[in-house]
Amino acid sequence: MSSPMARATGSSGSALDGAAPLAEVIRGDMVESVHLGHLVVLDPSGRPVVQAGNPTTPIWPRSSLKPLQLVAMLRAGLELPDRLLALAAASHNGELIHLEGVLQILASVGLGIDALQNTPDLPLYPPAALEWHMAPHDGGPGPASLAQNCSGKHAAMLATCLTQGWDIETYLSPEHPLQRAIRGTILEMTGDAELVMHTTVDGCGAPLLSTTLLGLARAFSTLGAAPTVDLRSHEARVGRAISAHPDMMGGTGRDVTLAMQAVPGLVAKDGAEGVYAAGLPDGSALAFKVLDGSARSRPAILAAALRAAGAASLPGVYPGGLDGLGRVPVLGGGRPVGEVRAVFADPYESRR
């Protein structure tokens with residue numbers, strides 16, 4: 001009998017197959033825990049320069065798919081200011097700028113919050129959740145679709161449907177024209193074979209499509225480089241919007257926001273269950289999946305992968321920002337007694 005994990009990954013076998021250590025948790029002078037996973041870093045030509053685990057294993061990329069979904073929406077006629085385009089690709093904190101932005105997207109096509117079909121939730125950011133309870137904003141104080149972190153994407157999906165004259169009651173059906181367009185865009189941008197694409201439902205209720213990490217990195221390579229090499233493309237529009245508005249992509253204290261503030265032109269997106277993808281302006285890119293699904297090690301792995309991709313040498317980069325991003329202390333008695341440390345292969349070793 002196959003394991004639950006093996007069944008979840010279909011014919012490709014278990015997600016554990018070929019997994020490698022991506023990060024260690026150091027407490028005192030000992031390794032306390034190890035985070036396994038898969039990772040790939042691409043150079044500007046698309047050649048893998050760092051690989052850990054098996055980057056061709058199909059994974060659920062979760063919200064890291066949002067920028068690709070947004071490309072499909074732009075191709076279908078969505079038109080919004082860049083700040084709101086970034087929110088459409090975001091897993092936002094639920095801060096006031098995010099809630100107001102979602103309302104603006106809906107109002108642009110004459111809709112209210114009752115049109116949203118994403119799963120009701122509270123804001124991700126604890127102070128925003130407290131504010132939501134204390135001063136309800138269009139739907140509080142309990143869980144609401146507006147406050148849930150994917151509400152920008154859902155508002156943009158609704159706006160795209162109205163632009164095309166598509167039904168908005170069934171916009172989450174995998175057979176809806178919007179979702180079929182998204183599927184085609186993801187296959188095109190990742191270069192993954194359709195036979196490795198599985199379909200399920202994401203936490204927000206929207207269809208979720210699987211990719212490989214290699215394919216996800218290829219897609220983010222396009223998004224990162226497009227503002228320089230393909231200025232008028234929809235991919236360039238998405239890349240510019242995301243990198244120019246990191247506060248809309250996450251919010252206060254979020255590593256995705258801090259990374260893009262530290263590296264000009266970076267296009268990055270976090271995903272649930274330990275997923276990350278990012279593309280740099282020169283076309284270098286990365287993607288990884290932490291198999292235990294925890295977010296604890298993601299900032300340390302992201303910072304190390306960005307350095308492996310050459311981010312530290314880009315014009316205008318803030319090295320202190322990268323250092324701060326990758327600093328994940330392990331606490332004992334309320335003070336640092338260790339750290340979470342990325343341990344995947346040195347990029348220079350793979351070039352020898």
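Predicted model: local features only at pLDDT ≥ 70, side-chain atom pairs only at ≥ 80, totals over all residues.
**View 1. Helix H6 has the length its residue count calls for.** Just past the helix, Gly165 has a positive phi of about 75 degrees.

**View 2. H6 is mostly covered.** Of its 14 residues, 11 are buried (under 20% relative accessible area, 1.4 Å probe, protein chains only). The buried set is Ser151, Gly152, Lys153, His154, Ala155, Ala156, Met157, Leu158, Ala159, Thr160 and Cys161. Their cover includes H2 (66–75), H3 (82–88), H4 (96–107) and H7 (177–190), with contact meaning heavy atoms within 4.5 Å.

**View 3. H11 meets H13.** The axes of H11 (residues 255–262) and H13 (residues 319–326) come within 8 Å and cross at roughly 160 degrees; axes are lines fitted to C-alpha atoms over the stretch in contact, with angles from 0 to 180 degrees between N-to-C directions. That makes the pair roughly antiparallel (over 145 degrees). H11 contributes Asp255, Leu258, Ala259 and Ala262 to the contact, and H13 contributes Gly321, Leu322 and Leu325. By type, that's five nonpolar, one polar and one charged, with Ala and Leu counted as nonpolar, Gly as polar and Asp as charged.

**Notes.** Residues are numbered from 1 along each chain as its sequence is written. Local features need pLDDT of at least 70, side-chain atom pairs count only at pLDDT 80 or more, totals for chains, interfaces and linings use all residues, and side-chain values use heavy atoms, leaving out hydrogens and water.

How values were computed: Helix = DSSP H or I, 4+ residues; strand = E, 2+ residues; numbered from the N terminus. Expected span 1.5 Å × (residues − 1). Buried < 20%, exposed > 50% of the residue type's maximum accessible area, 1.4 Å probe, protein only. Parallel < 35°, antiparallel > 145°, perpendicular 65-115°, else oblique.
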